[in-house]
Amino acid sequence: MAEPARLCVTNQKGGVGKTTVAINLAGALNDRGRDVLFVDLDPQGNATEGLGLLEAYDAEPPTLLDALVDPDDVPREEIVYEHEEMDVVASNVDMNAAASTLAAEADAELRLDRLLTRLESESKSGTHDYDFVVVDCPPHLGAVTDNGLVAAQNLIIPALAEPTSKRSLELLFDYVGALEMDHDVDIEPRALVANRIENTNAADEMLEWFEDALPETPIYRVRKRVAFQRAFAAGNSIFAVEEENDMRDVFASMAATLDERLTKREVSA
Ligand SMILES: Nc1ncnc2c1ncn2[C@@H]1O[C@H](COP(=O)(O)OP(=O)(O)O)[C@@H](O)[C@H]1O
Ligand SMILES: [Mg+2]
């Protein structure tokens with residue numbers, strides 16, 4: 001089987017919708033019959049909470065941090081949790097020490113890549129053969145985000161449709177460009193998600209800016225909907241709750257395009 005497509009949901013600005021987009025994109029991929037491994041790299045563990053796995057966040061070591069330090073040694077049962085829509089590599093309170101711990105290690109940026117390669121290969125001999133890995137990044141640049149970017153070179157970029165996003169995207173692209181040179185990798189934006197759109201007129205101008213800045217990248221418009229918070233509180237994506245939501249179509253279309261461009265598989269389930 002082909003390797004899974006790895007997606008990195010990133011933007012160093014906080015509160016723009018990384019976690020919301022990551023969970024609901026993973027839910028949309030699962031809804032089209034794909035097997036998803038979700039990775040919560042954020043030391044705050046918001047996605048871990050929003051997938052109903054708070055006990056994992058407070059679990060005793062070994063945790064994700066130990067697995068990043070020793071990618072070959074921590075048993076998968078210690079870090080991979082089951083969720084009805086996906087498998088989840090949960091964050092943990094110990095991840096707050098990740099940046100300083102990794103700073104002392106050689107090849108610190110390559111740890112998640114090694115861990116994922118191992119988890120993907122183990123899962124082939126088991127019941128799961130992942131089609132996608134979705135990585136939710138912390139709201140800052142540094143060693144932890146570097147691990148996400150190097151491991152999952154397909155970027156999903158949530159951004160608010162407001163002027164502050166110009167600078168955060170410019171910073172992100174400069175940063176990614178430097179990382180590509182340092183590690184000789186090719187990191188590609190695959191989707192820009194204009195998130196929490198309320199007033200379409202004010203958003204239109206920013207959407208034009210996004211189109212000019214990323215002419216090759218599909219842009220998705222996600223409107224402000226309290227249903228995202230309700231699904232988060234219920235521990236699921238919007239695809240697993242009994243509630244109509246007009247944003248399902250947006251996530252379904254993002255999932256379909258990523259599937260078409262990054263995997264060439266028939267949907268089996
Ligand atoms: N489209 C949306 N509609 C309504 N609320 C949203 C939307 N996107 C995000 N939010 C809310 O905004 C807050 C920040 O979103 P979050 O996904 O946690 O951002 P990040 O991961 O980038 O910090 C959360 O409370 C989330 O529920
Ligand atoms: Mg987040």
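In this predicted model, strand β2 (residues 36-40) and strand β5 (residues 132-136) pair in the parallel sense over five bridges, where pairing requires that DSSP finds at least two bridges between two strands. Helices (H or I, at least four residues) and strands (E, at least two) are DSSP runs numbered from the N terminus.

**Sheet**
- Val36 stands opposite Phe132 in β5.
- Eight strands form an open sheet with mixed pairing, in the order β3-β4-β2-β5-β1-β6-β7-β8.
- The edge strands, each pairing on one side only, are β3 (80-82) and β8 (219-223), and the twist averages 25° from one strand to the next.

- Phe210 touches residues including Leu160, Leu169, Leu192 and Ile219, leaving aside residues up to four places away in sequence, with contact meaning heavy atoms within 4.5 Å.

**Conventions**
- Residues are numbered from 1 along each chain as its sequence is written, while chains are lettered from A and ligands numbered from 1 in the order in which they are written.
- Local features need pLDDT of at least 70, side-chain atom pairs count only at pLDDT 80 or more, and totals for chains, interfaces and linings use all residues, while side-chain values use heavy atoms, with hydrogens and water left out.

Terms used:
Axes fitted to C-alpha atoms, helices over the stretch in contact; angles between N-to-C directions.
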